[in-house]
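Here is a short briefing for a first look at this protein. Please view the sequence and the model, then read on.

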Amino acid sequence: MVSIAKASMTRLQWNALAIITLIGFMPFAVAVITNAGSDSDGLSEDSIGPNPPNGPVGRGFWWDNGNNYSSHYESTIPMPSGWYNCVYIEEGRCGEDYSYSNDYLVPLTASPNNWINGQTLFQFGQTHSHSLSPGEYLGTSGSGPFGWYMYGESFNGIKSNESLDKISYQFIEYQTEYACEYNGFVDLDIYASLTFIRGNETYELENFVFETTNKFEWNRYDPSNGHWSTACVIGIELEFDFTGFESLGITEWNGGNWSETDHLIQIQQVVRADGQNIGSTGLPWAGDSFFVFGAEHESINTVQAGFIIKSLTTILSFGTFALAIASTPYWDPFKSFFKGAI
């Protein structure tokens, strides 16, 4: 039998292998570790919960309501000086000379609404409901920014010490139904961010881009014919999906105390995917009437997620170290050490 000796790799070959691994494998490995443990069981829970505070309680306040307001409103619907300043809401504040309230905030006040079976929602006033009568709205609130500051106590469905894998917020203008083929339903690109706030500390999650639509479908019971059927309304859902690192980081940051963790949901811009101007495109929160707000979340097992991340990080660190010394004189002693240990 003829035996063929295999030549060992030279240092130059090891260097080339190290470079290829760093360029090709490392980004993939880091992505795997970053997302490790972030998969939940896929079961969504109502974040507001079945037992929210009763009565028309303040759930939060408007943070931004778009930059569309023009002097046209003031010229066509005359009101006393100072009345219109609160339609310019920026970072939670109305105009400084707003003289028809003791507060510079525009509160999101509502009683619970069970419009969707099995889920609790809040009914809030739209962008211009606090300053215009129904029917006076011009038909656009611009492309943004929009924002809502929601108090942590409004999310009774998120249990103490729960670690979120993802949370979705629903904005639905439920009062008018459309045929599901309605041409007013369009694809949208929404640029958004989410900030959790506890006391004077914040945890920011930025640069989310949602490829979504303004069509919201739900299955509802029609008492006129006794059947369940699909209804389509103007609605948008934003699902913030966290990596394993982010889920664990949020839990460590707020200690799992969700009743004292406020949610600041911000939309920097809404863009039509077809490139057309946002114009009078239907947005559920835009108008002088009402919309409903809901939230759902999925959780992860923090012990399991932490174990997976730490284990993979250790393996990756060991592999990187071995690769780094493979082209050096230290490789043979290192290899011999492990051979002797086995």
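The protein has five helices and 13 strands; helices (H or I, at least four residues) and strands (E, at least two) are DSSP runs, numbered from the N terminus. This is a predicted model, where local features need pLDDT of at least 70 and side-chain atom pairs count only at pLDDT 80 or more, while totals for chains, interfaces and linings use all residues. Residues are numbered from 1 along each chain as its sequence is written, and side-chain values use heavy atoms, with hydrogens and water left out.

**Overall**

- Of the 342 residues, 45% count as buried. Buried means under 20% relative accessible area, exposed over 50%, and partly exposed in between (1.4 Å probe, protein chains only).
- Contact means heavy atoms within 4.5 Å. Among contacts between residues at least 6 apart in sequence, 78% join residues at least 24 apart.

**Strand E7 and its partners**

- Strand E7 covers residues 164-178. Eleven of its 15 residues are buried.
- E7 pairs with strand E11 (residues 227-241) in the antiparallel sense, over nine bridges. Two strands pair if DSSP finds at least two bridges between them. Tyr169 has Leu238 as its bridge partner in E11.
- E7 also pairs with strand E13 (residues 290-299), again antiparallel, over eight bridges. Here Leu164 is bridged to Ser299.

**Gln170**

- Gln170 sits in E7. Gln170 counts as buried because its relative accessibility is 2%.
- Its side chain makes polar contacts with two glutamate side chains: Glu237 at 3.4 Å and Glu296 at 3.1 Å. A polar contact is a pair of N or O atoms within 3.5 Å; within protein, one must be able to donate a hydrogen and the other to accept it, and residues adjacent in sequence count only if both atoms are side-chain atoms.
- Leaving out residues up to four places away in sequence, Gln170 touches several others, among them Gln119, Ile236, Val292 and Phe293.

**The largest pocket**

- The largest pocket holds about 310 Å³ of space. Of its 22 lining residues, the closest to the centre are Ile234, Ser280, Thr281, Gly282 and Leu283.
- A pocket, on a 1 Å grid over the protein atoms alone, is an open set of points where a 1.4 Å probe fits, with protein on both sides within 12 Å along at least five of seven lines; lining residues have an atom within 4 Å of a point. Grid points are joined across faces, edges and corners, and the volume is the space filled by probe spheres set on the points.
- E7 gives the most to this lining, with three residues.
- The lining divides into nine nonpolar, eleven polar and two charged residues. Ala, Val, Leu, Ile, Met, Phe, Trp, Tyr, Cys and Pro count as nonpolar, Asp, Glu, Lys and Arg as charged, and the others, Gly among them, as polar.

**Loops**

- Gly49 is in the loop between strand E1 (45-46) and strand E2 (57-65). With 2% relative accessibility, Gly49 counts as buried.
- The C-alpha atoms of Gly49 and Asn156 are separated by 5.3 Å, although the residues are 107 apart along the chain.
- A cis peptide bond joins Gly144 and Pro145, with omega about 0 degrees. Pro145 is in the loop between strand E5 (121-125) and strand E6 (146-150).
- Glu91, not a glycine, has a positive phi of about 50 degrees. Glu91 is exposed, at 58% relative accessible area.
- Asn161 also has a positive phi, near 70 degrees. Asn161 lies in the loop between E6 and E7.
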